[in-house]
Amino acid sequence: MAWRGQLSRNIKELRILLCQSSPASSSARSFVEKNYKDLKTLNPKLPILIRESTGIKPQLWARYDMGVERCIQLEGLSEPQISKALEDLAKVGAALKA
């Protein structure tokens with residue numbers, strides 16, 4: 001999980017959109033509750049934004065250099081799958097820099 005400490009090298013901003021109460025966002029809420037503190041500790045200068053809105057489908061957004069953004073829909077994903085999706089977004093950022 002060394003990639004977690006490298007997020008700020010590959011991603012300029014991370015946004016997690018979710019609903020406070022819908023079952024579709026339950027894994028995303030749980031992921032945020034269990035991982036936010038660790039991610040922020042490892043990447044203190046990386047903006048990690050949690051946006052809650054009633055009825056919204058859970059999404060994970062990454063903003064890279066030059067305003068490039070990528071989104072992954074989180075509905076139906078488990079916590080390990082969300083972690084893998086975040087790792088994949090970090091890899092995209094590394095590839096964009098190459």
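Is L39 buried or exposed? I looked this up and found L39 buried, at a relative accessible area of 3%; buried means under 20% relative accessible area, exposed over 50% and partly exposed in between, with a 1.4 Å probe and protein chains only.

**Basis of the entries**

I note that this is a predicted model, in which local features need pLDDT of at least 70 and side-chain atom pairs count only at pLDDT 80 or more, while totals for chains, interfaces and linings use all residues. Residues are numbered from 1 along each chain as its sequence is written, and side-chain values use heavy atoms, with hydrogens and water left out.

**Entry: L39**

I placed L39 in helix α2; helices (H or I, at least four residues) and strands (E, at least two) are DSSP runs, numbered from the N terminus. Setting aside residues up to four places away in sequence, I listed R4, L7, F31, I48 and L86 as touching L39, where contact means heavy atoms within 4.5 Å. I also checked Q6, which is 33 residues from L39 in sequence and 9.8 Å from L39 in space, C-alpha to C-alpha.

**Entry: helix α3**

I took α3 as residues 79–97, a helix of 19 residues. From first C-alpha to last, α3 reaches 28 Å, close to the 27 Å expected at 1.5 Å a residue; the expected span is 1.5 Å times one less than the number of residues. Which residues of α3 are buried? I recorded I82, S83, A85, L86, L89, A90 and G93. Viewed down the axis of α3, these buried residues fall within an arc of 160°, so they line one face of the helix; the arc is that of the directions from the helix axis to the C-beta atoms. On the other side of α3, I found P80 and A95 exposed. The buried residues of α3 pack against α1 (7–10), β1 (13–18), α2 (26–42), β3 (59–63) and β4 (69–73).

**Entry: the sheet**

In what order do the four strands stand? I read β2-β1-β3-β4, an open sheet with mixed pairing; two strands pair if DSSP finds at least two bridges between them. β2 (48–52) and β4 are at the edges with a single partner strand each, so one side of each has no neighbour in the sheet. The twist averages 15° from one strand to the next; axes are lines fitted to C-alpha atoms, and angles run from 0 to 180 degrees between N-to-C directions.

I then examined the pairs. β1 and β3 run antiparallel and are joined by five bridges, with I16 opposite L60 in β3. β3 and β4 also run antiparallel, joined by five bridges, and R63 stands opposite E69 in β4. These two strands form a hairpin with five residues between them, and M66 in the turn has a positive phi of about 60°.

**Entry: S25**

I located S25 in the loop between β1 and α2. S25 is buried, at 0% relative accessibility. Apart from neighbours within four places in sequence, S25 contacts L18, C19, I56 and P58.

**Entry: the record**

I noted that UniProt, in an unreviewed entry, lists residues 20–93 for "domain: Ribosomal protein/NADH dehydrogenase". In the model, the end C-alpha atoms of residues 20–93 lie 29 Å apart, and the span is 43% helix and 20% strand.

Key
UniProt positions renumbered as here; feature names shortened; annotations may be inferred.
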